[in-house]
Amino acid sequence: MPDFSLTPEQESLRDLARKFARTEMAPHAAEADRTARFPEEIYRKAYDLGLTNLNVPTEYGGSGLGALDQCLIVEELAHACGGMTTSIIANCLALEPILLGGTPEQKARFLTPFCAQYGLASFALTEPSGGSDAGALRTRARREGDHYVLDGEKCFITNAPHAGLYTVFATVDPERRHKGITAFVVSRSTEGVLPGKDEEKMGHRASSTGTIRFEGAKVPVANRLGEEGEGFSLAMRTLDQTRTPIGALATGIAQAALDHAAAYSLKRQSFGKPIAQHQAIQIKLANMVQAIHAARLLTWHAAWTIDQGARGTLESSIAKCFASDAAFAVADEAIQTFGGYGYMKDYPVEKLLRDAKLTQIYEGANEIQRSVIARELLRAYE
Ligand code: CAA
């Protein structure tokens, strides 16, 4: 890790993502945000370039990228639009439980046809009664012969209304808390699988977030990932992998905010000179670049840790938590640099604050990240 240079392959991945972000995403970001449009044509193009199934090995038709490679791409995409990026990378989150918990037969059966054409998948863990307390989920899975019957409701699920495949966490016995949680791969076409409406959100408006109801949905036992009761650990191990790219996503939003603020500060005049020449603004820019630099390095370090084969629980929570808090603070300072214009929708920075906010909440609220960090830290002192 002390060598921070990227390989030629990583440089070209980053260039590919940057070009796509600037030419295909950025020109549509403001309009998709204003109208809350789900720009599926952009997601299809991302698939064509190999930017959607980043973590799936090439033998199953994915891009076969490591964690650091993924982060390089995600930061570039998020610079153009955080919401679009969340929808583009949601497949990585949804498919990770199959990669971690699926048998070779299940991986071939689910991943190969899925990756062979454009498609979206969703990770269905969160429920209306308690998102942070994942161990208390209530969606029931009752075994009946060679299938399970699913009943319950999921909420805040990225891409849910548009996805064809769901990885679903349900309990075979709520009394057993996390020891009853079991993971399933569920096709959208299953009878009794009822995706709900798109939520109207503050930010990430080019992304889709919705509910899914399960009403007597019959899922073959062959679609269960691992054994009964192994679903909670699978969900946690998945989030260990996917929180690091959220650090990269937040870093991309923060970098965009700084780029806008710095450029504006050189153009905008006050008291007879560009505001960039006022110390008050210079201090803001200096603080912003420090936060971004630290967020990027923490994210790269977490990604490197995962690429070494380690779990990375501590490192990924630190990266996600720090980078998302940094993104919110940097976007806030960017608005302040723009002054009254920053508050107006004609300028790009207020969107960045709204988009940054979600990164402090999803994939585990930052309060949960701090709890994970503290637990991991204290373990070393026991
Ligand atoms: N890897 C493997 N196993 C783990 C683990 C990890 N990272 N973390 C915990 N476990 C295991 C523990 O070892 C323990 O196992 P045993 O029973 O064998 O001892 C078991 O899981 C229970 O662990 P805890 O006692 O720590 O569980 P808890 O109930 O206290 O909850 C929590 C822990 C960290 C708070 C967890 O509930 C959590 O992460 N909550 C947040 C959920 C979340 O991130 N949701 C976001 C969903 S994705 C999303 O945002 C939607 C989207 O589409 C973007």
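Start by selecting helix 6 and helix 7 (residues 279–307), whose axes come within 9 Å and cross at roughly 160°. That angle makes helix 6 roughly antiparallel to helix 7, a label used for angles over 145 degrees. Here an axis is a line fitted to C-alpha atoms over the stretch in contact, and angles run from 0 to 180 degrees between N-to-C directions. Helices are DSSP runs (H or I, at least four residues), numbered from the N terminus, while strands are E runs of at least two.

Before going on, a word about the model: it is predicted, so local features need pLDDT of at least 70 and side-chain atom pairs count only at pLDDT 80 or more, whereas totals for chains, interfaces and linings use all residues. Residues are numbered from 1 along each chain as its sequence is written, and side-chain values use heavy atoms, with hydrogens and water left out.

Stay with the pair on screen. Helix 6 and helix 7 cross in a left-handed way, meaning that the near helix is turned anticlockwise from the far one by less than a right angle. Their contact has 15 nonpolar, seven polar and two charged residues. In this grouping, Ala, Val, Leu, Ile, Met, Phe, Trp, Tyr, Cys and Pro are nonpolar, Asp, Glu, Lys and Arg are charged, and the others, Gly among them, are polar.

The axes of helix 6 and helix 8 come within 8 Å and cross at roughly 20°. Helix 6 is therefore roughly parallel to helix 8, the term for angles under 35 degrees. This crossing is left-handed too, and the contact of helix 6 with helix 8 has 14 nonpolar, 10 polar and three charged residues.

Now for the ligand: which residues are closest to it? Among the 26 residues that surround the ligand, the closest are Ser-132, His-178, Arg-243, Glu-363 and Arg-375; a residue counts as near if one of its heavy atoms lies within 4 Å. Oxygen atoms of the ligand lie 2.6 Å from a side-chain N or O atom of His-178, 2.8 Å from a polar side-chain atom of Arg-243 and 2.3 Å from a side-chain N or O atom of Arg-375.

Widen the view to the whole shell. Strand 3 (147–158), helix 6 (231–267) and helix 10 (366–379) each give two or more residues to the shell around the ligand, and helix 6 gives the most, with six. By class, the shell has 11 nonpolar, seven polar and eight charged residues.

Definitions and conventions:
Polar contact = N/O pair within 3.5 Å; in protein donor to acceptor, adjacent residues only side chain to side chain. Parallel < 35°, antiparallel > 145°, perpendicular 65-115°, else oblique.
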